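Reader: Before we go through this model together, please show me what we are looking at, and then take my questions in turn.

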Amino acid sequence: MTKKIFRGILFSSFITMLASMVFIIGVQYRIYDDSQRDSLESKARLISLAADAGEIERYAEAEERVTLIQSDGAVIYDNKSDAEKMENHAQREEVREAEKIGSGYAVRQSETLGINNRYYALKLENGNILRVSDTSLSVAAVILELLPPICAVAVFAFVLALILASLITKKILKPINEIDLDDLSGIKSYEELAPFISRIQAQQKSINRQISELTRSRREFEIIAENMSEGLVLTDINGHIITHNSSMEKFFGVSGDLNGKNILNINRSETFRGVFESIKENRRSDSVMETGGRYYEITVSPVSDESGNPRGAVILAVDITEKEKREKLRREFTANVSHELKTPLTSILGISDMLKNGMVASEDIKGFAEDINKETSRLISLVNDIIKLSELDEDKKRDTGRVNLYEVAQDVAERIEPVAEKQGISISVTGTDAVINAGDSLIFEMIYNLCDNAVKYNRENGSVTISTGVSDEGAFVSVKDTGIGIPAAEQERVFERFYRVDKGRSKQSGGTGLGLSIVKHIAVTFGGIIKISSEEGTGTEITVVFSEM
Amino acid sequence: MRNRFDSQLEKLNLELITMGALCEDAISASVKALLDGDETLTEKVFAADAEIDQKERDIEAICMKLLLQQQPVAGDLRVISSALKMISDMERIGDQASDIAEITKFVKNSDIKSKVHIKDMAAAAIKMVTDSVESFVKKDIELASAVMKYDDKVDNLFDCVKDELVRLIAADSENGEYCIDLLMIAKYLERIGDHAVNIAEWVEYSITGTHRN
């Protein structure tokens, strides 16, 4: 723009200058021409006076050429050449004109270049025609004459124009150059630029708005991605990581700038190699992998743009360790249940086979019947426990009321006393009222199971102490025995279904292996926490604390 | 042209990572087969070894193509030449993993392995392979030199296992054959550690341009 304006100014000023020069030269020449003609005319009139007086010879040495022509055109006298030899002048323009109107004027180019001959003819009183002629410079000659000064002036003017044009250009462009595109408010520039500026302002505003919208949605995405517990990775079609969240870093123990690197930089296990393949092949895949003792489900979902071209993939890693563990527990439980159910049934089947085939002596029948009875009641109690557990597993809304742990403990003690007495075990209930919100039958079941265990795994003439009350942590019920105790390593596991510390003894005492599982379930159902403290050979104390009263 | 070069280099890098990962899988599986007596895993080791051999040829082809067609210089040339060296070490690791799996078939019933430090040694060897591959993936010189230092531990464990086995043979010559098998496994593990060191050295070379020894 600067160049264009500069050139424009320079060119126009130069053209103007040239035009005005030509004009001035033209005008000057006219004036020169006129003055030449006037001086010629006055000379002619002067000479005509002399000619009239017949003293034309006086001008024989004059600068001008003086010719006297008869009215028929024949030259009578010429001061520059021999009149005799001159041709007839009747047809000359100025002569004809003088003949007609008394005076004539003509300019003719001389044979010499750049010189014009001027002729002025005047009709004398005697009918002859006096013609005075002199020479003057032609336009071209004048210009040629003036050329050096004109050139000097032109050069000077050109330089001047150059400087001025540059200054003017700068001045014109200064306000434009000074526009601060980042801050267009209150700008004072050319009126002509106002539409552009307001347009730019509007566009800037909309760009800023769009940027802030984009930033916001990106922030949203980042916050969501960062706060999700699942690991997330977005990749392009070549498996290069576009973005990932911190869960992903945590899951696979990677850190640093992973963006732009290949997905295999996160993890290079077989699963991830498969993930890489499915990204490249643009297909969906699901896989489970184990790393660092945890299980992850890795899902690859291909991403396509509007026209269906593959653009990359979303990889989601979900920590399924808990699920996997639960699944394992469930499988174990099923296996255990089948085993526990099968054992009594097998002995019942065996005994009944023997009875059917008459292989049992009649006096032994009673004993076998007792065995069948025992196994059947074990089966029933097992099935009952399983039913209880599955009821508890179903997380349905339960009827709750105010339950006093102390009263329930007394009921339990009353119920269990006859069984305990057989083994010489004394049962005592101590403590104060502790009222919680719970279902009374389930709480009874819980305390009963605890006491049942306390009696079963006690020593002869031992004791069971049930205490209730309210501590800092909440209402509690604790059952303490003087029994065999639980080894420290197994204390965590006794609440697992079918887990038994001493396999032989528990069969003999008729336990199902589900008692403490039920206790734990009931406690958890009503927001209780179980604490166990036990020493092998000394006894066990199990406390259930309900923080919500 | 340059783009093509870069994408070929990236492909080389990916193939190397994959090959390293396969080595990790192979050695982990063979050690697991040895310690847990899980015979299905030995099949996995042989499969991985076959795949490792295939990868070696693939990577060789990529390197040759790069060298001939692109005529790389400086850092790129170092990367490619160290890749060529690295794959032979990786291939050896694969072979030794499958050798261990082969022997595992004969020692699976022996309880001698619980009496010696073979488990620690296997864990150390696996760690070295994993770390050397990791140092390549992350271009981590520090990790690479850590691998080189860790080799002493594997060597010491080898001596330890050797002494233990000598004593076991002396005490119970009945199980002498098992002890010899275990000694061979220990030797393989020790060799795997050496190959991991080689890989780490080539990683260092590809980054710094100077090679130890």
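**The hairpin and its sheet**

Author: In the hairpin formed by E9(A) and E10(A), which leaves 5 residues between the strands, A:Gly308 adopts a positive phi near 85 degrees. Helices (H or I, at least four residues) and strands (E, at least two) are DSSP runs, numbered from the N terminus. This is a predicted model, in which local features need pLDDT of at least 70 and side-chain atom pairs count only at pLDDT 80 or more, while totals for chains, interfaces and linings use all residues. Residues are numbered from 1 along each chain as its sequence is written, and chains are lettered from A and ligands numbered from 1 in the order in which they are written.

Reader: Over how many bridges do E9(A) and E10(A) pair?

Author: Two strands count as paired if DSSP finds at least two bridges between them. One link between these two strands joins A:Val300 to its bridge partner A:Ile315 in E10(A). The pairing of E9(A) with E10(A) is antiparallel, and its bridges number 9.

Reader: In what order do the strands of the open sheet in chain A lie?

Author: E6(A) and E10(A) pair in the antiparallel sense over 6 bridges, with A:Asp236 having A:Gly312 as its bridge partner in E10(A). Strand E6 (residues 231-236) of chain A also pairs with E7(A), again antiparallel, over 3 bridges, and there A:Leu234 stands opposite A:Thr243. The 5 strands of this open antiparallel sheet therefore follow the order E7-E6-E10-E9-E8.

Reader: Which strands form the edges of that sheet?

Author: An edge strand here pairs on one side only. From one strand to the next, the twist averages 20 degrees. The edges are strand E7 (241-244) and strand E8 (285-291) of chain A.

Reader: What angle does the direction of helix H6 of chain A make with that of E8(A)?

Author: Helix H6 (residues 270-280) packs on the sheet and touches E6, E8, strand E9 (294-304) and strand E10 (310-319) of chain A, where contact requires C-beta atoms, placed from the backbone, to lie within 7 Å. Axes are lines fitted to C-alpha atoms, for helices over the stretch in contact, and angles run from 0 to 180 degrees between N-to-C directions. For H6(A) against E8(A), the angle is about 155 degrees.

**Helices of chain B**

Reader: Are H4(B) and H5(B) roughly parallel or roughly antiparallel?

Author: The axes of helix H4 (residues 118-138) and helix H5 (residues 141-171) of chain B come within 9 Å and cross at roughly 165 degrees. Angles under 35 degrees count as roughly parallel, over 145 as roughly antiparallel, 65 to 115 as roughly perpendicular and the rest as oblique. The crossing angle therefore makes H4(B), relative to H5(B), roughly antiparallel.

Reader: What share of the residues of chain B counts as buried?

Author: Chain B contains 6 helices and 0 strands. A residue is buried if 20 or more other C-beta atoms, placed from the backbone, lie within 10 Å of its own, exposed if 12 or fewer, and partly exposed in between. Of the 213 residues of chain B, the buried share is 43%.

Reader: Is A:Met1 buried or exposed?

Author: A:Met1 lies in the segment before helix H1 (2-52) of chain A, and its C-alpha atom is separated by 8.6 Å from that of A:Leu173, 172 residues apart along the chain. Because 10 other C-beta atoms lie within 10 Å, A:Met1 is exposed.

Notes
Contact = placed C-beta atoms within 7 Å.
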